Amino acid sequence: MRRLVQWFLAVFTAAMVLLYLSERLNEMEGYAGGNTITVYNWGDYIDPKLIQAFEKKTGIKVIYQTFDSNEAMMAKIAQGGTTFDVAVPSEYAISKMKEEGLLVPLDHSKLPNLKYIDPRFLNLSFDPNNRYSVPYFWGTVGIVYNRKMLGGKSITSWNDLWSRDLRNQILLVDGAREVIGMGLNSLHYSLNDTNKAHLQQAKKKLDALMPNVKAIVGDEIKLLLANEEAAIGVVWSGDAAEIISENDHLDYVVPKEGSNLWFDNMVIPKTAKNIKGAHEFINFMLDPKNAAKNAEYVGYSTPNKKALDYLPKEITNDKRFYPDFDSIGHLEVYKNLGKRMLAYYNELFLEFKMHRK
Ligand code: SPD
């Protein structure tokens with residue numbers, strides 16, 4: 001019996017030592033430039049060739065994972081047990097993640113390429129002095145519509161979508177703030193409205209839109225619209241830019257009642273194990289030639305001023321996707337409305353989706 005106890009103690013101690021050593025090794029990797037980083041990004045949001053180029057240049061291997069909403073990304077990072085070194089949240093999510101202590105401050109001395117970012121995208125209110133985040137892509141929320149399928153008609157307003165002529169013709173992006181926001185904007189309320197009566201009114205109005213909604217979808221929205229499976233899509237501008245280049249009948253409009261102006265940014269989450277490698281990756285993506293390649297591949301608008309020189313003029317001169325700031329001054333950036341209110345938006349969105357079934 002004594003021998004058994006001794007044997008058990010020896011095995012237990014060896015296991016504890018091994019666990020301790022592996023944890024120390026993991027930590028050291030973060031400081032000693034270990035050769036792996038895990039990048040957590042939106043789906044369809046990077047040119048895969050850039051990942052290969054980064055690996056070749058630095059010898060750092062990239063493990064790449066994707067998410068489809070800020071909410072899913074934040075929940076995963078907050079719950080822990082992951083080792084994401086770089087993530088790409090939108091502005092209101094950054095503000096919330098900061099509040100919850102989920103971000104590591106950036107070392108700007110390791111990001112020399114930050115100088116190429118257009119100052120209009122720096123030092124924004126959700127992250128003063130870019131202490132935790134640097135710009136990746138930016139854009140608007142709007143409506144893609146197919147002129148041919150609409151018999152030559154144009155769309156100019158959110159309220160156009162409630163027309164009886166559009167039965168089963170609308171695809172919606174699967175985003176709580178985008179869809180609830182569309183309901184709010186159609187009633188001329190703010191996208192950051194926290195008045196529950198207004199939010200209920202918006203939900204009720206959205207319920208009335210349901211006969212026109214064909215599906216609420218993720219990245220496949222692009223393929224469905226390009227293949228003319230529906231005449232209308234509520235989308236992020238970059239997705240519109242990509243599909244418009246594939247189908248001449250498509251156009252994109254930011255509705256006249258107003259809409260969302262958004263900024264996606266690279267951050268280092270608290271889960272990071274390789275902070276040095278994370279800075280190298282961020283700096284690589286800020287390189288103007290890489291930023292231009294990325295923008296051309298994914299279709300989204302780059303905030304990198306120098307990258308614009310490497311992009312075709314027909315892209316950078318397209319005011320639908322590179323609008324002057326004067327013309328979009330009326331658009332709203334989502335605010336961090338606080339845990340409870342964000343949960344309420346999600347709840348309303350889920351109810352709206354369930355109503356479909
Ligand atoms: N397929 C990539 C989509 C990324 C879009 N981010 C939009 C931010 C919305 N707040």
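What volume does the largest cavity have? The largest cavity has a volume of about 80 Å³.

## Basis of the model

This is a predicted model, in which local features need pLDDT of at least 70, side-chain atom pairs count only at pLDDT 80 or more, and totals for chains, interfaces and linings use all residues. Residues are numbered from 1 along each chain as its sequence is written, and side-chain values use heavy atoms, with hydrogens and water left out.

## Cavities

Three cavities of 30 Å³ or more are present in the structure. A cavity is a set of points, on a 1 Å grid over the protein atoms alone, where a 1.4 Å probe fits but cannot get out; lining residues have an atom within 4 Å of a point. Points are joined across faces, edges and corners, and a volume is the space filled by probe spheres set on them.

## The largest cavity

Residues lining the largest cavity include Ile 117, Tyr 136, Met 285 and Asn 304. Two or more lining residues come from each of strand E4 (133–146), helix H9 (275–286) and helix H10 (288–298). E4 gives the largest share, three residues. Helices (H or I, at least four residues) and strands (E, at least two) are DSSP runs, numbered from the N terminus.

The lining has nine nonpolar, three polar and no charged residues. Ala, Val, Leu, Ile, Met, Phe, Trp, Tyr, Cys and Pro count as nonpolar, Asp, Glu, Lys and Arg as charged, and the others, Gly among them, as polar.

## The second largest cavity

The second largest cavity holds about 40 Å³ of space. Among the residues that line it are Trp 158, Arg 177, Glu 178 and Tyr 334. Helix H5 (residues 176–186) provides the largest share of this lining, five residues. By class, the lining of the second largest cavity has five nonpolar, four polar and two charged residues.

Conventions. 1 Å grid on protein atoms, 1.4 Å probe; cavity = no way out; pocket = protein on both sides within 12 Å on 5 of 7 lines; lining within 4 Å.
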